[in-house]
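Welcome! Please take a look at the sequence and the 3D view below, and then we can walk through them together.

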Amino acid sequence: MQGLLLQMLEGTVTSLQIFFLTLLFSLPLGFVVAKGRMASFAPIRWITDLYIQIMRGTPLILQLIFVYFAPFYVFGTSYDRFTACIVAFVINYSAYFSEIYRSGLQSIDRGQHEAAKVLGFSKAYTFFHIILPQVVKRILPALGNEVITLVKDTALAQTIGVAELFRVAQTASSREFSTVPIFIAGIFYFIMNYIVSRLFAIGEKKLEYYR
Amino acid sequence: MKEMIRLSGLRKSFGSLDVLKDISFTLEEGSVLSIIGPSGSGKSTTLRIITQLEKADDGSLEIAGHTLFSSVMGKAVYARPEEERLIGLKTGLVFQNFNLFPHFSVLRNITEAQRAVLKRPKEYAEEKAMKLLEKMGIADKARQYPYQLSGGQQQRVSIARALALDPEVLFFDEPTSALDPELTREILKVIRELAEERMTMVVVTHEMHFARAISDHAIFMDRGVIVEQGSPDELFGNPKEERTRQFIASFED
Ligand SMILES: Nc1ncnc2c1ncn2[C@@H]1O[C@H](COP(=O)(O)OP(=O)(O)OP(=O)(O)O)[C@@H](O)[C@H]1O
Ligand SMILES: [Mg+2]
C-alpha cells in the first residue's frame, strides 16, 4: 500500500509539472493570441481565428497524438513524450485563454482608454495600470473554470505514454485487480481542484472592493 | 489678451460621412465658449479632435501658441509625437459619463496622472487632490470608490481629476447630460465657479440658460458647420439665423 501511494505521488508530481508548465507558457501566450485575434491587419486576424477554431474544434486527445507522432512521420525522428505533451497542452490552452482575454479586453468601456489618453498616460501604463486590473477582475471566474479543466485534462497525457497520476493509477489497478488506485487518484484530483478553486475564490474576494 | 485656441478650416469625415466641414473659431485665455447644436452636428467630434482623441483630416490648430496640426495641401499635418504629447498636457476633457477609473479610490483617481505623467511626488499630488476635493465639496469621499458616489459626485471627481494636471484649457462634453436636474445644478455651479476664476473653458451643453449666463462667446453648430457665432446675448437673445432660432426655441418651456 505504501509503495502504491509513493508511486501515485510520483505520478502526481508529473501531473503537477504538466499543470504548471502549461500555465507558465499558455497564460502569457494567450495574450499574444488575443492580440492577434484583435489585430487590425486582417490576415493575422484570420490566421489566429483559424488556429483558435482548430484548437477548440478538435479533441485535445487527438491534438496530443498529432503533436507527438506528426514529427515522426514528417522528419522520421521522434522526441521526448513529456515535451510533446507540454507543447500540445500549451498550444491548446493558449487558444482557450486567448478567447477569455479577448472577451475581457473587449468588455472594458472605450471611455477608460479615452480618459487615460486625455490624462496623458502612456499606452503601456494605460494597459498595465488601468485596463489589465479591470480585465483580471472580470475574467477571473472564467479563468478559474478553465484552470480546473486543465487539472483534469492532465490525465490525457497518458495517451502518449506520459506517466502521470492517472496512468500510474490505471497500471496499478490492473496489476492488483483493484479499483482502489483509481479511487485514490480521484481523491488526488479532487484535492488539487479544491485548492485551485479556493485560490480563485480568494482572488475574486480580494477584487470585490470595487465594481 | 493671449490666444488660447486658434482653430481654422477643420474638416473631418468618418468614411463617406462629412462630420465637420469647415470649423473655425478662436478663444482667448480666461474666457468661456459654449457650443450648442442638435445631436449629430459634430460638437463632440470637434472637442475630440482638439483633445487628440480623433485625428483631423484638414485644417489647423494652435493651442497656447503651439501648433498641433496645420493644413498642408488640403491635409492636416500633425506635430511630432513629443510635441503632440506636450500640447495634450495643456488640454483637459470632462466626459458626459465621467469615465472614472473604478478600481482606484477617489483620491487615487486624482493623484495617478499627477504622479505617473507629471512625476509629482506622492505628498504633493495628494495635497493637491485634497484641495481640489475640498473645492468640489467632497473631501469626505477621498477614500471611497467611484461606485459608492452619486453621479453628481462622480462628475465632480472627474472635474477634479482634470484640474489636477493644471490644464490651460478645459473642455466639457455635455457634463450634465447623464444627471438628473438636481445633480445638474451641482455641476453647473462648479463650472460657474471655475468661470469666475477665469479658467479657460469650452462647454458643449444643452443647458441654454446656463450657457448664456457663463459664456463670453457662443457657437451654434449644425450638420458639421458653424451656423452662427457671437456673444451669448446675441446668439441666445436675438439669433440672426432661422436655424438657430428654431433650435433655441425648441428648448423653451
Ligand atoms: N467614430 C465614429 N465613426 C463613425 N461615425 C462617427 C464616429 N463618431 C461620430 N460619428 C458620427 O459623426 C456625427 C457627429 O457626431 P458627434 O458625436 O460629433 O455629434 P454631437 O454634436 O456631439 O451629437 P450629440 O449631441 O448627440 O452628442 C454623427 O453623425 C455621428 O454618428
Ligand atoms: Mg456629443
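## A bridge across chain B

In this predicted model, the side chains of Lys2(B) and Glu168(B) come together in a salt bridge, with 3.5 Å from N to O. The two partners sit 166 residues apart in the chain, so to find them you will need to look at distant parts of it. Lys2(B) belongs to the segment before strand E1 (3-14) of chain B, while Glu168(B) lies in the loop between helix H5 (151-163) and strand E8 (169-173) of chain B.

## Around ligand 1

Next, have a look at ligand 1. It is surrounded by 13 residues, and the closest are Ser39(B), Gly40(B), Lys43(B), Ser44(B) and Thr45(B). Sorted by class, this shell holds four nonpolar, seven polar and two charged residues. H1(B) supplies the largest share of the shell, with three residues.

Several atoms of chain B can be picked out beside oxygen atoms of the ligand. In the side chain of Lys43(B), an N or O atom is 2.8 Å from an oxygen atom of ligand 1. Glu174(B) places a polar side-chain atom 3.1 Å from a ligand oxygen, and for Ser41(B) a backbone N or O atom lies 3.2 Å from an oxygen atom of ligand 1. Taken alone, ligand 1 exposes 640 Å², and the protein buries 61% of that. The elements of chain B that give two or more residues to the shell are strand E2 (17-28) and helix H1 (43-50).

## Chain A on its own

What does the secondary structure of chain A come to? There are eight helices and zero strands. Following the sequence, the pattern reads α-α-α-α-α-α-α-α. Along the principal axes, the C-alpha atoms of chain A fill a box of roughly 70 × 45 × 25 Å.

The size of an interface is often given as the accessible area lost when the parts come together. Between chain A and chain B, the buried area is about 2000 Å², and carbon and sulfur atoms give 62% of it. On the chain A side, Val118(A), Leu119(A) and Tyr209(A) lose the most area to chain B, together 31% of what that side buries. The contact takes 20 residues from chain A and 24 residues from chain B.

How many salt bridges are there between chain A and chain B? The count is one. In it, the side chain of Arg48(B) meets that of Glu114(A), at 2.9 Å from N to O. Across the same interface of chain A and chain B, seven residue pairs are found in polar contact, both residues of each pair being at pLDDT 80 or more. On the side of chain A that touches chain B, the elements giving two or more residues are helix H5 (110-118) and helix H6 (123-153) of chain A. H5(A) makes the largest contribution to that side, eight residues. By class, the residues on this side of chain A divide into ten nonpolar, five polar and five charged.

Notes: Residues numbered from 1 in each chain as written. Chains lettered and ligands numbered in written order. Heavy atoms only, no water. Near = heavy atom within 4 Å. Polar contact = N/O pair within 3.5 Å; in protein donor to acceptor, adjacent residues only side chain to side chain. Areas by Shrake-Rupley, 256 points an atom, 1.4 Å probe, with all protein chains shown as cover. Helix = DSSP H or I, 4+ residues; strand = E, 2+ residues; numbered from the N terminus. Nonpolar A, V, L, I, M, F, W, Y, C, P; charged D, E, K, R; others polar. Contact = heavy atoms within 4.5 Å. Buried area = accessible area lost by both parts, 1.4 Å probe. Salt bridge = Lys/Arg side-chain N within 4 Å of Asp/Glu carboxyl O.
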